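Hi,

Have a look at it first, then read on.

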Amino acid sequence: MKKSYVIVLVIIVTGLMWFLGKGNASYSASQTTAKEHKKTPEFVAMPAKPKVLDVKPSIKNMPKEQHEFNEDIAKAASAVAQQYQQSLAFPPYSQPLTVYDEDRLKPNQFFPVTSPVGEQGGELTLSLSQYRYVYPQAIELTISAQNLGKAQVTLSDTDTKQPLKTHSGVARDNKLAITFKGEEDYPRNLQLLVEADIAGKMVPVVAQIQYMPPSATLTSFDSAYPRNDNMIVPANLTVIKSGLYRLRANLYSGSSPLAHLVAKARLNEGSEKIDFKAHWSVLPKQTNGLRLSDFVIERMSPSPGERNSFGQSKVSEFTIEDFAYDSLQQLPYQANKQELQSLEFLQGLAAGK
């Protein structure tokens with residue numbers, strides 16, 4: 001009986017994870033800190049009705065424990081199915097965005113790491129501008145604490161524990177900023193060890209980050225133009241390493257987020273172009289003040305032994321000018337066969353089928 005529990009649990013968890021990956025949501029890797037860094041893993045499409053579900057006995061003949069277990073699964077699947085059905089009103093490459101979608105609005109956010117100081121509730125805090133760095137970016141960090149004096153920071157290879165560089169300094173107004181110059185040969189996984197003198201007591205704090213050579217660079221954008229029911233915004237890249245790329249950007253109207261855009265294409269080395277598409281349903285009728293920002297350039301893993309790599313952007317934001325909303329065909333998005341099968345799968349789990 002336990003075996004059937006495990007099988008059903010694996011199916012529902014995989015289904016839930018697949019839904020969360022449907023809109024190609026956030027992308028940054030997790031960091032080892034007191035707070036976990038949000039990450040959306042990669043998933044594959046699920047079949048409509050896996051045969052493994054046939055092992056479930058009828059609910060009437062189930063023991064009470066298993067009955068309750070399956071009811072919990074059905075409730076979870078029902079909630080996911082409702083959310084997924086709502087998302088099918090929009091294409092996966094152009095999903096609505098709100099101020100609450102922090103993982104998409106801040107795709108490379110570093111969560112500050114803290115270490116307690118004594119018994120009076122004080123904390124030593126280590127903050128960085130981001131979690132993932134791409135050469136030649138410098139690693140800039142800030143150390144802060146009440147009564148902070150001198151501090152030393154050691155940059156090491158996380159995997160080998162080999163120290164690479166050490167910087168130290170004396171705090172002013174309880175803060176100390178330290179910068180490590182970007183190096184092309186840094187290992188991917190880096191560790192920062194801070195040892196701070198706080199009122200004569202040595203307090204450590206540790207954080208881990210990633211550093212890598214760029215796989216591609218986003219250099220510029222061409223003017224937006226209409227194509228059927230989408231606003232097209234062509235992006236220009238210089239590709240260093242060929243492969244399957246996924247680019248992400250957030251579309252804003254002024255300071256208000258509108259949509260999370262995802263573009264995928266196989267790119268070769270050299271100058272390449274990829275199109276962002278914004279569906280008419282996520283656009284305001286007054287298109288003045290539209291802009292793209294929060295760019296993520298990701299080269300997808302070509303094999304299990306090779307990890308995803310990332311690029312950089314020379315563009316901080318791109319303003320979209322002279323675009324007419326009325327130039328778009330305003331037709332409802334039609335979910336494809338695979339998306340409808342996935343919805344049917346989730347609805348089947350919710351119904352206990």
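One to start with: which residue in β9 does Q152 stand opposite? That would be E195. The two strands involved are β6 (residues 148-157) and β9 (residues 189-198), which pair in the antiparallel sense over 8 bridges; strands count as paired if DSSP finds at least two bridges between them.

Before the rest, the ground rules. This is a predicted model, so local features need pLDDT of at least 70 and side-chain atom pairs count only at pLDDT 80 or more, while totals for chains, interfaces and linings use all residues. Residues are numbered from 1 along each chain as its sequence is written, and side-chain values use heavy atoms, with hydrogens and water left out.

On confidence (pLDDT, the predictor's own score for each residue, from 0 to 100): the mean is 82, and 75% of residues reach 70 or more. Residues 1-10 fall below 50, and that stretch has 13 contacts beyond near neighbours in sequence. Residues 17-59 are also below 50, with 113 such contacts in the model. Contact here means heavy atoms within 4.5 Å.

Overall, there are 4 helices and 20 strands (DSSP runs numbered from the N terminus: H or I of at least four residues, E of at least two). Of the 353 residues, 47% are buried, that is, under 20% relative accessible area with a 1.4 Å probe, protein chains only. Among contacts between residues at least 6 apart in sequence, 68% join residues at least 24 apart.

Back to that strand pair: β6 and β9 belong to an open sheet of 5 strands, ordered β4-β10-β9-β6-β7 with mixed pairing. β4 (132-134) and β7 (163-170) each have a single partner strand, so one side of each is left without a neighbour in the sheet.

Now the cores (sets of buried Ala, Val, Leu, Ile, Met, Phe, Trp, Tyr and Cys residues joined through side-chain atoms within 4.5 Å). The largest has 35 residues, and those with the most contacts inside it include F221, M231, L251 and F276. Among the elements giving it two or more residues are β13 (230-239), β14 (243-253) and β16 (270-279). Leaving aside neighbours within four places in sequence, M231 is in contact with L251, F276, L283 and I320, among others. A second, separate core of 31 residues includes L155, Y186, V194 and A196.

Cheers

Technical notes
Buried < 20%, exposed > 50% of the residue type's maximum accessible area, 1.4 Å probe, protein only.
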